[in-house]
Amino acid sequence: MGLALFVFTCYSELLKPMSQEEPVLINFKSVTKSYGSIVALSDMSFDVKKGEFVFITGPSGAGKTTILKLILGEVLPTKGEVRVDGLNLANLNDKNLPSYRQRIGVIFQDFKVLSDRTVYENVAVALAVIGLPEPQWEERVKHILRLVGLSRQANFFPSQLSGGELQRVSLARALSINPKIILADEPTGNLDWKTADGLMDLLEKINKEGKTIIMATHNMEIVDKYKKRVIHVDGKKEQVDIGKEPNNKKDNTDEIKDIKEGEESHPEGGKIKDIKEGEESHPEGGKIKEK
């Protein structure tokens with residue numbers, strides 16, 4: 001009888017529906033961040049699950065950029081706790097910070113490209129920083145440039161590119177390290193609507209491959225069109241979590257194709273390839289500017 005009961009119990013467990021819930025990747029717990037007497041964030045709590053696309057909105061100075069800095073480990077909370085992928089960021093030090101940043105790619109509003117390097121070289125420099133052997137650079141860089149629709153501009157210098165193309169160079173550099181999380185700090189702030197819309201379309205397709213994206217923005221047209229989860233912050237006031245996006249993620253075999261930039265189009269498809277554990281990193285080429 002004991003064996004029969006054991007078998008029945010195991011069979012019953014197998015019949016239970018499997019949860020489709022994604023694990024929490026980022027957790028803010030009662031986080032306050034002060035710069036001297038200035039309170040940038042006050043008692044802020046939220047979770048971001050793996051594979052989510054989240055907009056952080058609010059007026060200038062409300063703390064949007066501070067949230068990104070906290071996730072990146074560029075600053076630490078004055079009070080409360082920030083955890084990313086199970087790691088309490090208060091435990092980071094100079095030794096393990098670079099390893100932690102292997103999980104994060106950053107897209108900057110002002111691009112942060114190297115003006116004396118070509119598009120190809122701007123992406124390759126990220127691979128040099130992480131120590132990837134040089135023989136592996138070419139395949140990786142060509143793949144990423146195909147993905148963002150910049151194959152034809154590989155040998156162009158930044159002065160030869162449009163604003164939208166420069167932003168895609170920034171995105172390509174972030175993607176080249178195969179991050180778990182992409183932080184985008186006002187990435188459409190310097191772009192016209194048509195170009196910004198093209199960039200957002202690319203970010204959305206990348207998100208559907210499983211990348212977690214957190215984007216700080218004040219562009220409510222973008223927010224209204226793409227209908228993602230929104231966390232609104234307003235200075236010292238508690239944030240308002242407006243809602244969550246529907247669970248429409250595909251698996252990470254989806255192809256990204258037909259990327260459009262203004263009137264340009266890129267006919268080649270592509271997908272984010274798996275990168276071996278330990279090969280990815282965060283090039284420390286710039287910091288997120290406070291707004």
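**How close do the axes of H6 and helix H7 (residues 193-208) come, and at roughly what angle do they cross?** They come within 10 Å and cross at roughly 20 degrees. Before we zoom in further, please note that this is a predicted model, in which local features need pLDDT of at least 70, side-chain atom pairs count only at pLDDT 80 or more, and totals for chains, interfaces and linings use all residues. Residues are numbered from 1 along each chain as its sequence is written, and side-chain values use heavy atoms, with hydrogens and water left out.

**View 1. Helices H6 and H7 side by side.** The angle of roughly 20 degrees between the axes of H6 and H7 makes H6 roughly parallel to H7. Here, angles under 35 degrees count as roughly parallel, over 145 as roughly antiparallel, 65 to 115 as roughly perpendicular and the rest as oblique. Axes are lines fitted to C-alpha atoms, for helices over the stretch in contact, with angles running from 0 to 180 degrees between N-to-C directions. The elements themselves are DSSP runs, numbered from the N terminus: helices (H or I) have at least four residues and strands (E) at least two. Gly-164, Gln-167, Arg-168, Leu-171 and Leu-175 of H6 touch Thr-195, Leu-199, Leu-202, Leu-203 and Ile-206 of H7, where contact means heavy atoms within 4.5 Å. By class, these residues divide into 6 nonpolar, 3 polar and 1 charged; Ala, Val, Leu, Ile, Met, Phe, Trp, Tyr, Cys and Pro count as nonpolar, Asp, Glu, Lys and Arg as charged, and the others, Gly among them, as polar.

**View 2. Helix H4 against H6.** The axes of H4 (residues 119-129) and H6 (residues 163-175) come within 8 Å and cross at roughly 30 degrees, and the two helices are therefore roughly parallel to each other. Their crossing is right-handed. On H4, the contact is made by Val-119, Asn-122, Val-123 and Ala-126, and on H6 by Val-169, Ala-172 and Arg-173. This contact has 5 nonpolar, 1 polar and 1 charged residues.

**View 3. Helix H4 against H5.** H4 also meets H5 (residues 137-147): their axes come within 10 Å and cross at roughly 125 degrees, which makes H4 oblique to H5. The crossing of H4 and H5 is right-handed. Val-119, Tyr-120, Val-123, Ala-124, Leu-127 and Ala-128 in H4 meet Trp-137, Glu-138, Arg-140, Val-141 and Leu-145 in H5. Sorted by class, there are 9 nonpolar, no polar and 2 charged residues in this contact.

View 4. Four strands follow the order E2-E1-E4-E5 in an open sheet with antiparallel pairing (two strands pair if DSSP finds at least two bridges between them). Strands E2 (38-49) and E5 (87-88) stand at the edges, each with a single partner strand, so one side of each is left without a neighbour in the sheet. E1 and E2 pair over 8 bridges, with Lys-33 opposite Leu-41 in E2. Their hairpin has 2 residues between the strands, and Gly-36 takes a positive phi near 65 degrees there. Helix H2 (residues 64-72) lies across E1, E2 and E4, running at about 120 degrees to E1.

**View 5. A salt bridge between Arg-229 and Glu-52.** The closest N and O atoms of this pair are 3.0 Å apart. A salt bridge is a side-chain nitrogen of Lys or Arg within 4 Å of a carboxyl oxygen of Asp or Glu, and the whole structure has 9 of them. Arg-229 lies in strand E9 (residues 229-234) and Glu-52 in the loop between E2 and strand E3 (53-57), so the pair ties together parts that are 177 residues apart in sequence.

Key:
Left-handed = near helix turned anticlockwise from the far one by under 90°.
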